[in-house]
Amino acid sequence: MQHIICYSPEKGSVSLLLEAWVKSMKPERNDWLAVLKELDRLNHPMYFEVAELSLLADSFEANVRDYTKIIHGYAKQNRLKEAESVFLSMKSRGFTCDQVTLTALVHMYSKAGNLKLAEDTFEVMRLLGVPLDKRSFGSMITAYVRAGKLGQGEALLKEMEEQEIYAGREVYKALLRAYSMIGDSKGAQRVFDTLQLGGVIPDATICGLLMNAYIIAGELNETCITFENMRRVGIEPNDKCVIMLLTAYETENKLSKALDILMDLEGDGVVLGREASELLARWFKRLGVVGEVELVLRDYASNLVH
């Protein structure tokens with residue numbers, strides 16, 4: 001193993017080195033896996049070459065998962081041609097591609113921005129005749145989100161629900177974030193409701209995405225209601241949530257209401273962050289209340305010390 005790990009091009013080809021190793025050591029599958037694990041751990045530049053050569057060795061006893069791992073590794077590095085080459089080799093050697101392998105390909109095409117190939121691969125998965133799992137659905141939903149096809153992503157979520165399958169937290173967040181960034185408050189609210197039905201418990205980040213959708217849409221009252229609801233159920237707001245609340249109140253010139261909320265937050269032990277403090281200071285300054293500006297900035301500096 002040491003010779004393989006310490007290999008350098010000056011010592012000859014990798015394939016010859018492996019042939020010599022196989023001939024002298026007669027490795028079994030576990031020996032191959034130990035070498036690959038160490039190369040992977042070291043992020044060794046020779047990892048993929050050794051991994052692909054191992055697939056050809058009888059003693060390695062390659063299976064579909066071995067091919068999938070290499071495909072996934074190439075996909076993470078955006079090496080599409082290499083991943084597709086391994087996939088074609090797998091099929092040419094008589095291995096049947098399964099849902100796990102195809103899901104890795106959907107992820108790869110999605111990350112590369114090739115929605116058409118992601119969709120084609122997803123349809124091949126459907127034709128396998130095996131019920132799709134949440135990872136397979138999630139990979140395609142993520143592809144639609146990246147392509148800006150939010151309605152199609154949401155349609156897949158509904159299809160999952162009908163089959164009593166629920167997406168992972170990050171999939172819901174990705175769709176919610178996409179609706180939030182374009183100010184589609186109705187879409188954001190639908191996903192917010194759906195993720196809770198799927199067993200995802202909202203946190204400050206998720207609530208903040210919903211608030212942001214309302215802010216961009218100009219629905220300031222709904223922004224405030226969302227903030228109040230999260231506090232009612234015991235979710236501690238982060239600074240971004242406080243900033244959006246202050247933005248809504250400043251837009252509507254509701255200084256008194258903003259100060260009431262800030263006093264309540266202080267009573268609950270919530271400390272204003274830098275951006276929220278600066279926003280409040282600018283608001284006071286615009287109103288000509290210079291003394292309060294200094295007080296806010298002094299309180300923020302004091303909080304940093306403590």
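Buried residues are those under 20% relative accessible area, exposed residues those over 50%, and partly exposed residues those in between (1.4 Å probe, protein chains only). The legends below describe a predicted model, in which local features need pLDDT of at least 70 and side-chain atom pairs count only at pLDDT 80 or more, whereas totals for chains, interfaces and linings use all residues. Residues are numbered from 1 along each chain as its sequence is written, and side-chain values use heavy atoms, with hydrogens and water left out.

**View 1**
E154 counts as buried because its relative accessibility is 8%. The residue belongs to helix α10, which covers residues 150-162; helices (H or I, at least four residues) and strands (E, at least two) are DSSP runs, numbered from the N terminus. When neighbours within four places in sequence are left aside, the contacts of E154 are L175, Y179 and R190, contact meaning heavy atoms within 4.5 Å. A charge is said to sit over a ring if NZ of Lys or CZ of Arg is within 6 Å of the ring centre and within 35 degrees of the ring normal.

Side chains of opposite charge can pair when their charged atoms come close. A salt bridge is taken here as a side-chain nitrogen of Lys or Arg within 4 Å of a carboxyl oxygen of Asp or Glu, and by this rule the count comes to 13 salt bridges. One of them joins K116 to D120, with 2.8 Å between the closest N and O atoms; these residues are four apart in helix α8 (residues 115-127), and therefore separated by about one helical turn. K116 is exposed, at 51% relative accessibility, whereas D120 is partly exposed, at 35% relative accessible area. Another salt bridge pairs R126 with E123, whose closest N and O atoms are 3.4 Å apart, and here the spacing in helix α8 is three residues, again about one helical turn. R126 is partly exposed at 31% relative accessibility, and E123 is partly exposed with a relative accessible area of 42%.

E250 and R286 form a salt bridge in which the closest N and O atoms are 3.6 Å apart. Because E250 lies in helix α15 (residues 239-251) and R286 in helix α17 (residues 274-286), the pair ties together parts that are 36 residues apart in sequence. E250 is partly exposed, with a relative accessible area of 22%. Elsewhere, salt bridges that share partners join E123, R126 and E159 into one network.

A pair of aromatic rings is described by the distance of the centres and the angle of the planes. Rings of Phe, Tyr and Trp (its six-membered ring) pair if their centres lie within 6.5 Å, and planes under 30 degrees apart count as stacked, over 60 as edge-to-face and the rest as tilted. A search of the whole structure finds six such aromatic pairs. W32 and F60 form an edge-to-face pair, 6.1 Å centre to centre and with 70° between the planes. W32 lies in helix α3 (residues 29-41) and F60 in the loop between α4 (47-54) and α5 (64-76), so this pair ties together parts 28 residues apart in sequence. Both W32 and F60 are buried. The rings of F48 and Y74, by contrast, are stacked, because their centres are 4.2 Å apart and their planes meet at 15°. F48 in helix α4 and Y74 in helix α5 are 26 residues apart, and the pair links distant parts of the chain. F48 is buried at 10% relative accessibility, as is Y74 at 3%, and R79 lies over the face of F48, at 5.2 Å from the ring centre. W32 and F60 also belong, with W21, to one aromatic cluster.

**View 1. M230 and the largest nonpolar core.**
A nonpolar core is a set of buried Ala, Val, Leu, Ile, Met, Phe, Trp, Tyr and Cys residues joined through side-chain atoms within 4.5 Å. The largest nonpolar core has 92 residues, of which F122, M140, F227 and M230 touch the most other members. Beyond its neighbours within four places in sequence, M230 is in contact with A204, C207, M211, I235, E236, P237 and C241.
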